[in-house]
Amino acid sequence: MIPGAGRCPEQVARAFVDACLLDVTALKPGNVGLHGAGHGMSVADFIRSAPAAAREIAAPDATVGERIARAVTATHAAVGMNTNLGIVLLTAPLAHTALMASGRLEAVLAGLSVGDAAHAFQAIRMAAPGGLGTSARHDVAAPARVTLLEAMREAAPRDRIAFQYDSGFADVLGLGRSALDAARSRGLDWRSTATEVFMAFLTRYPDSHVRRKLGASRATALRDAASALATQEAAQRPGRTARLVAWDRELKAGGVNPGTSADLTVATLFAAFLDDGSGWSAGTGCPGTCARDGGGVSAHR
């Protein structure tokens, strides 16, 4: 069961924007944020991308694949580059489930079609993520011949975003949510909480984006470095921000972008905001009366 089932489009869109904006304001070493630009992208690019993609992610009458394709197209129109492909791939099934009156994520994933795969392949081609390469089976450059779930299962062993589809979003709703709840229970603000979630993913798994671009050994080394830093921080909490900022500069100077860990962080925040119906800024509370139609939430009246 996905948190927040029965949400209206405005709530889903607000949760998406809040998660994306929190992501770019939080300190996440190696990623673009208020602490520093990088990888040819600026904070402004991410800020403009969020509302553009949100409208399509939360569209009331779209399939999962259509949400993905339309959100990436809207992002490209807004900023002319890929700022959120991984985020869109992760949040589209969560949003689709949340818009249903009695949403079940397992049923949404099981019901993904070849058409969903075709739309997702189209989006991936448009975004052209770094280090994509080719695949012997279900390559995104070829016409889709399997469902989106089957395509994601094929990629799951090498891609943590694809693994979420195969596992029922086990990392997002498990490790990510546990890290978020632990941070909030310690009284951390939302920006610090986002950092904690990011570091939880980075210390647990070799980042898929780094692996695609720089190889498995570099991704593993990054995970080990993050784990060592986290251990040091536990013993020496003062000066934590300065250490993370210094590491951020080091990673960006080396062209290391732990993008998958950041994408998983956004998906975790999105699910949490859907769960309680409020975000970290103005909130995601429903601003009107939701009109239910056919078991789902169709619009406000």
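Modeller: Phe-169 is buried, with a relative accessible area of 0%. Here buried means under 20% relative accessible area, exposed means over 50%, and partly exposed covers the range in between, with a 1.4 Å probe and protein chains only. This is a predicted model, in which local features need pLDDT of at least 70 and side-chain atom pairs count only at pLDDT 80 or more, whereas totals for chains, interfaces and linings use all residues. Residues are numbered from 1 along each chain as its sequence is written, and side-chain values use heavy atoms, with hydrogens and water left out.

Phe-169 lies in the loop between α8 (160-167) and α9 (170-185); helices are DSSP runs of H or I with at least four residues, strands are runs of E with at least two, and both are numbered from the N terminus. The phi angle of Phe-169 is near 60 degrees, a positive value in a residue that is not glycine.

Phe-16 and Phe-270 are both buried. Phe-169 itself forms a tilted pair with Tyr-165, with 5.8 Å between the centres and 45 degrees between the planes. Like Phe-169, Tyr-165 is buried.

In soluble globular proteins, nonpolar side chains tend to be buried together. The largest nonpolar core has 66 residues, of which Ile-68, Tyr-165 and Phe-270 touch the most other members; such a core is a set of buried Ala, Val, Leu, Ile, Met, Phe, Trp, Tyr and Cys residues joined through side-chain atoms within 4.5 Å. Helix α4 (residues 85-98) gives the most to this core, namely 9 residues. Leaving out residues up to four places away in sequence, Ile-68 touches Val-88, Leu-89, Ala-92, Ala-120, Ala-123, Leu-148 and Tyr-165, where contact means heavy atoms within 4.5 Å. Another core lies apart from the largest one and holds 15 residues, among them Leu-222, Leu-244, Trp-247 and Leu-251.

Two arginines are placed over aromatic rings. Arg-160 lies over the face of Tyr-205, 3.7 Å from the ring centre, and the charged end of Arg-184 sits over the ring of Trp-190, at 4.1 Å from its centre. The criterion is that NZ of Lys or CZ of Arg is within 6 Å of the ring centre and within 35 degrees of the ring normal.

A search of the whole structure finds 2 cavities of 30 Å³ or more, where a cavity is a set of points, on a 1 Å grid over the protein atoms alone, at which a 1.4 Å probe fits but cannot get out, and where lining residues have an atom within 4 Å of a point. The largest cavity contains about 60 Å³ of space, a volume being the space filled by probe spheres set on grid points that are joined across faces, edges and corners. Its lining consists of Phe-16, Cys-20, Asp-23, Phe-46, Ser-49, Ala-50, Thr-83, Asn-84 and Ile-87. Helices α1 and α2 (43-57) each supply at least two residues of that lining.

Asp-23, one of the lining residues, lies in helix α1. Asp-23 is buried, with a relative accessible area of 6%. Residues up to four places away aside, Asp-23 touches Lys-28, Ala-262 and Val-266.

The chain as a whole gives the setting. The protein chain has 14 helices and 2 strands, and buried residues make up 54% of its 301 residues. Among contacts between residues at least 6 apart in sequence, 71% join residues at least 24 apart.

Conventions:
Phe/Tyr/Trp six-rings, centres within 6.5 Å; stacked < 30°, edge-to-face > 60°. 1 Å grid on protein atoms, 1.4 Å probe; cavity = no way out; pocket = protein on both sides within 12 Å on 5 of 7 lines; lining within 4 Å.
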